[in-house]
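Thanks for making time this morning.

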Amino acid sequence: VPPFSFDLAMGKRRKKQASQSASSGGSDKASRQACNGLEQEGMPESWRELRGEALFRRVIHPISMETFFEVHWEKKPLHVPGRGHEYFTGLFSKAVLEARVKKGGLMYGDDLNVGKCVNGEQHMQNGEDAVEWDAVEAMWKAGCSLQAVRPQRYSTVVHTFVEAFEDVFHCLAGSNSFMTPTSSQGFKPHYDEVEVFMLQIEGRKRWRLYRDNSRGPLPLRGMCWDIKEQGLELLLDTWVEAGDMLYLPRGTIHQGVASDDGPSHHLTISTYQRFAWVDFLSKGFSEALERAAADDVRFRAGLPLHLLETAGVAPSSDGVGKIREKVRELLGPLGDHFDVSAAADAMAAQFVARRLPPSISVADAEYHKGVSVRWANPSGVRVIVETLATGSETQIYHCGDNDATAHQGTEDPTPECVVLEGTYYLSALQMLFREHPKYVGVGSLPKITGVDNGELVEGLMSHGLLEVEKPAPSTKKRKRFAE
C-alpha cells in the first residue's frame with residue numbers, strides 16, 4: 001500500500017479540521033454536490049429506485065447475470081432487443097449537454113469530441129478554444145457526431161448508472177454519449193481496451209462488429225483506429241433500436257451508421273480498463289522478488305561470469321538458452337512469495353480513491369446503544385492494516401468525499417481515510433463486511449476488553465459510511481375508546 005500520511009485519531013478526516021463536528025457531515029456532502037455542478041435532470045421513473053446490482057440487472061434484462069458472465073463476458077457480443085423505445089428515455093439528452101456547454105468551462109478533447117467518418121476517413125472538427133454551443137450546433141447540422149466525454153461528472157442520472165457499474169464490477173467505470181445525425185457515421189472502425197455496454201436512448205443505428213483473427217483477443221492497452229475491413233471476420237450486422245443494449249467485449253472492432261429516418265443517440269458505459277492479471281501482479285511483483293531474495297539463496301547468488309556478453313542483441317555465444325532456463329527456475333517460486341492480500345488492498349485503495357462518490361446521501365440518524373447498522377455501500381469502503389515503526393493502524397479508505405467532477409481525470413487523487421490506532425476494531429469491521437447486507441446490532445459486534453464498539457459505529461455514522469436500520473412498523477392494534 002502506498003505510504004500515505006494520516007492523522008492518527010479516531011474520526012479525523014484527511015483535509016478536514018480536527019474540531020469539525022460530526023453533525024456537519026450532511027451539510028458537507030450537500031455543499032460538495034452543489035460544487036460539483038451536477039445537472040439535476042429527472043431520473044427515469046422506472047429506474048428511480050434502482051442502484052448497484054439491481055440497476056445492472058435491468059440493463060441486461062432479460063438476460064440473467066449468471067448467463068451473461070458465463071456466456072458473453074470477455075467472449076462474445078450480446079444484443080438485447082425488444083424492450084420498448086422508452087426503456088432508456090431520460091438517461092441523457094442533447095438538451096442536458098447544451099445546458100452544460102452554456103455554463104462554460106468545457107474544452108474540446110477533454111469534454112467534447114466532434115467528428116464524422118466519410119468514405120472510411122476520419123475527420124475531427126474539434127476546436128482549440130473552449131466549447132461554444134453555437135459552433136457545436138452548426139457542426140451538428142453539417143453532419144458531425146457529438147461525443148460527450150464523461151458526462152457522469154455533471155449528469156446525476158449518468159452518475160447513478162456509472163456508480164452502479166462500479167458497485168458491480170468493483171473497478172472504475174466510465175461513460176460517453178454519442179449523438180449521430182441522420183444517415184451519418186461519427187467514427188471509423190476501431191476497437192477499445194474496455195468492456196463496452198451501449199445503451200440506445202433514441203433513434204437507431206446499424207452496427208457491424210468484426211473480429212481480427214490475425215491477433216489475439218483482449219487487447220492490453222489503448223484503442224486501435226488503424227483498421228482495414230479486408231480480412232476481418234464479421235460477427236454481427238444488426239440494427240440497434242431505442243431501448244436496446246449492445247455489449248462488446250474489449251477488442252471487438254465496431255462501426256455504426258445512423259438510420260435515414262432520424263438521428264441516433266446512445267450512451268456507452270465502459271469498465272475493466274487496466275484491470276487484468278498483469279495489473280494485479282504488477283502491484284506486488286517487486287515486493288515478491290524482495291521476499292524471495294530474503295528467503296531463497298538462489299535469488300542472491302551472483303550472475304554467471306560474462307552473462308552480459310552471452311545475452312543481448314548481438315550475443316557472442318549461444319548461452320541465451322541456459323540463462324532463460326535459469327529465469328524460468330527462479331520465476332516458479334515467486335508465487336509463494338507474492339502477497340495476494342497486499343496487492344488486492346493496493347488496487348482497492350486506488351479504486352476507492354478514484355471512483356464516483358455516492359449519488360445518494362445516507363439518511364441522518366441518531367446513534368444509540370440499540371442501533372443496528374450496515375455499510376451504506378461496502379464497495380465504496382476498503383479497510384487496510386498497515387504496520388508502521390510506531391505500531392499498527394487500521395486505515396478505512398472511503399469514497400464519500402470524492403469529487404465527481406474529477407472522475408476519470410488525469411490526476412491521481414489522495415484517498416479519504418479514517419484512521420484508527422491499532423487493530424482493536426478490526427474484528428468488528430470484518431463482521432460488518434461479512435454480514436452485509438444484513439444489519440448488525442452494536443451489541444452483536446465482537447467484544448474486546450477496553451474497546452467501545454459504540455464509538456466506532458458513531459464515528460463511521462458521522463462520515464456517512466453506515467446506514468441505520470429503520471424500526472419495523474408497529475403491528476399492535478390501537479385501543480378504541482367510547483366517546
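**Helix packing and cores**

What covers the buried residues of α2 includes α3 (65-72), β1 (78-80), α6 (156-169), β6 (195-202) and β9 (245-248), where helices (H or I, at least four residues) and strands (E, at least two) are DSSP runs numbered from the N terminus. This is a predicted model, in which local features need pLDDT of at least 70 and side-chain atom pairs count only at pLDDT 80 or more, while totals for chains, interfaces and linings use all residues. Residues are numbered from 1 along each chain as its sequence is written, and side-chain values use heavy atoms, with hydrogens and water left out.

In α2 itself, residues 52-60, the buried ones are G52, L55, F56, V59 and I60, buried meaning under 20% relative accessible area with a 1.4 Å probe, protein chains only. These residues fall within an arc of 130° when seen down the axis of α2, so they line one face of the helix; the arc is that of the directions from the helix axis to the C-beta atoms.

Turning to the cores, a nonpolar core is a set of buried Ala, Val, Leu, Ile, Met, Phe, Trp, Tyr and Cys residues joined through side-chain atoms within 4.5 Å. The largest has 51 residues, of which V59, F92, L97, F161, F197 and M245 touch the most other members, and α6 gives the most to this core, with seven residues. A second, separate core of 23 residues includes V373, W375, V451 and L466.

Terms used. Buried means under 20% relative accessible area, exposed over 50%, partly exposed in between (1.4 Å probe, protein chains only). Contact means heavy atoms within 4.5 Å.
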